[in-house]
Amino acid sequence: MKIGELLKQINTSISFEFFPPKTPEGEELLFKTIKELEPLEPTFVSVTYGAGGSTRERTIRVVKKIHEETTLTVMAHLTCIGHSKKELIDILEGYRKIGIQNILALRGDIPQGQEESFIFPPDGCRYANELVSLIKENFNNQFSIGVAAYPEGHPESPNLEMDVYYLKKKIESGAEFAITQMFFDNSYFYRYLDLLERENINIPVIPGIMPITNFKQIKKFAVMCGATIPEDLVKKLEKFEDKPEEVAKIGIDYATKQCEDLLRNGIKGLHFYTLNKSKATIEIYNRIKKLIKK
Ligand code: FAD
């Protein structure tokens with residue numbers, strides 16, 4: 001099913017993000033996680049892509065396996081950095097042939113230490129909006145296309161307004177929905193939605209939720225992507241940095257409250273960054289399920 005259509009029919013969309021593991025053991029664990037999350041009947045799940053094509057074969061394999069061996073609707077992430085248009089079209093054609101209908105069209109983070117000519121080949125796409133256009137031009141309406149959005153602004157953006165301007169470009173090129181970068185303070189998300197409303201942007205924008213279960217790891221991610229972890233949450237987590245169970249408890253409680261607030265404020269979707277684990281997501285889901293309207 002196409003996610004753009006599903007989002008029109010469903011009251012509250014729940015979705016899960018996975019990454020393609022490096023080893024067969026990791027892949028086995030991922031599919032165990034997927035089996036544990038499947039009964040929650042998510043609207044869709046998605047699989048990330050390594051910028052520069054580093055996970056090309058693994059992403060394709062995991063997407064195909066989810067599509068063929070589970071009941072889930074799957075979306076493949078695709079980044080344009082380091083790829084020629086021909087390579088991108090080949091990957092998309094491969095997905096079309098096996099019946100994948102959903103793509104999250106991204107630029108990708110700029111890999112360190114690579115030549116400019118590798119990162120942005122002259123016959124490639126420089127920004128995500130160009131990838132969205134490429135998909136539309138070559139595949140018409142065969143794919144439902146999602147894009148990334150940044151409630152605290154993308155780290156390379158001079159300001160939030162420019163970021164919103166470029167999100168609009170992605171929508172004008174054919175994106176039907178957006179998923180946000182993780183954020184830990186809902187006020188950024190509400191402020192962002194106000195900005196989008198002022199620009200008459202009215203596609204679904206699904207908040208990305210990252211339950212903190214490993215503080216060191218998430219702190220690193222947050223710095224990289226420009227997400228602010230509120231001071232009082234940092235203080236609480238720092239106190240228990242060496243006690244993983246306490247950290248997970250605090251992180252799950254915090255994400256639960258965040259989700260409850262979003263749902264009570266009429267937000268119609270939650271996208272969980274699962275990091276290929278099911279425990280935190282299932283626990284949060286069970287606590288908020290009374291607020292989820294199918
Ligand atoms: P763009 O929309 O192209 O924006 C990149 C920057 O350029 C922004 O600062 C923007 O304001 C600016 N810009 C945009 N268009 C133009 C233009 N036409 N002219 C000038 N400036 C412009 N990364 C991965 O490598 N793999 C993944 O699977 C992945 N999944 C993600 C999923 C989600 C939900 C999110 C939020 C991010 C994901 N990322 C992933 C990270 C993403 O690739 C990075 O944030 C990347 O730096 C930007 O990608 P983008 O698609 O937002 O780029």
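Helix H7 (160–173) supplies the largest share of the shell around the ligand, namely 4 residues. Helices here are DSSP runs of H or I with at least four residues and strands are runs of E with at least two, numbered from the N terminus. The model is a predicted one, in which local features need pLDDT of at least 70 and side-chain atom pairs count only at pLDDT 80 or more, while totals for chains, interfaces and linings use all residues. Residues are numbered from 1 along each chain as its sequence is written, and side-chain values use heavy atoms, with hydrogens and water left out.

At least two shell residues each also come from strand S3 (74–79), strand S4 (102–106), helix H6 (128–139) and strand S6 (177–182). There are 26 residues around the ligand, and those that come nearest are Tyr49, Asp109, Tyr150, His154 and Lys170; a residue is counted as near if one of its heavy atoms lies within 4 Å of the molecule. Sorted by class, the shell holds 11 nonpolar, 9 polar and 6 charged residues. In this scheme Ala, Val, Leu, Ile, Met, Phe, Trp, Tyr, Cys and Pro are nonpolar, Asp, Glu, Lys and Arg are charged, and the others, Gly among them, are polar.

A nitrogen atom of the ligand is 2.6 Å from a backbone N or O atom of tyrosine 49. For arginine 107, a backbone N or O atom lies 2.8 Å from a ligand oxygen atom. Histidine 154 instead uses its side chain, where an N or O atom is 2.8 Å from an oxygen atom of the ligand. The ligand taken alone exposes 970 Å², of which the protein buries 89%, with areas from the Shrake-Rupley method and a 1.4 Å probe; for residues, only the protein chains shown count as cover.

Helix H7 also contains serine 173. A polar atom of the serine 173 side chain lies 2.8 Å from the backbone oxygen of lysine 169. Serine 173 is buried, at 17% relative accessible area; buried means under 20%, exposed over 50%, and partly exposed in between (1.4 Å probe, protein chains only).

A cavity is a set of points, on a 1 Å grid over the protein atoms alone, where a 1.4 Å probe fits but cannot get out, and its lining residues have an atom within 4 Å of a point. The lining includes Tyr150, Glu152, Met182 and Cys225; by class it has 5 nonpolar, 3 polar and 1 charged residues.

Two loops complete the picture. Most residues other than glycine have a negative phi. Asparagine 140, in the loop between H6 and strand S5 (144–149), has a positive phi of about 50° and is exposed at 52% relative accessible area. Asparagine 200, between helix H8 (186–198) and strand S7 (205–209), has a positive phi near 55° and is exposed at 64%.

How values were computed:
On a 1 Å grid over the protein atoms alone, a cavity is a set of points where a 1.4 Å probe fits but cannot get out, and a pocket is an open set with protein on both sides within 12 Å along at least five of seven lines; lining residues have an atom within 4 Å of a point. A polar contact is a pair of N or O atoms within 3.5 Å; within protein, one must be able to donate a hydrogen and the other to accept it, and residues adjacent in sequence count only if both atoms are side-chain atoms.
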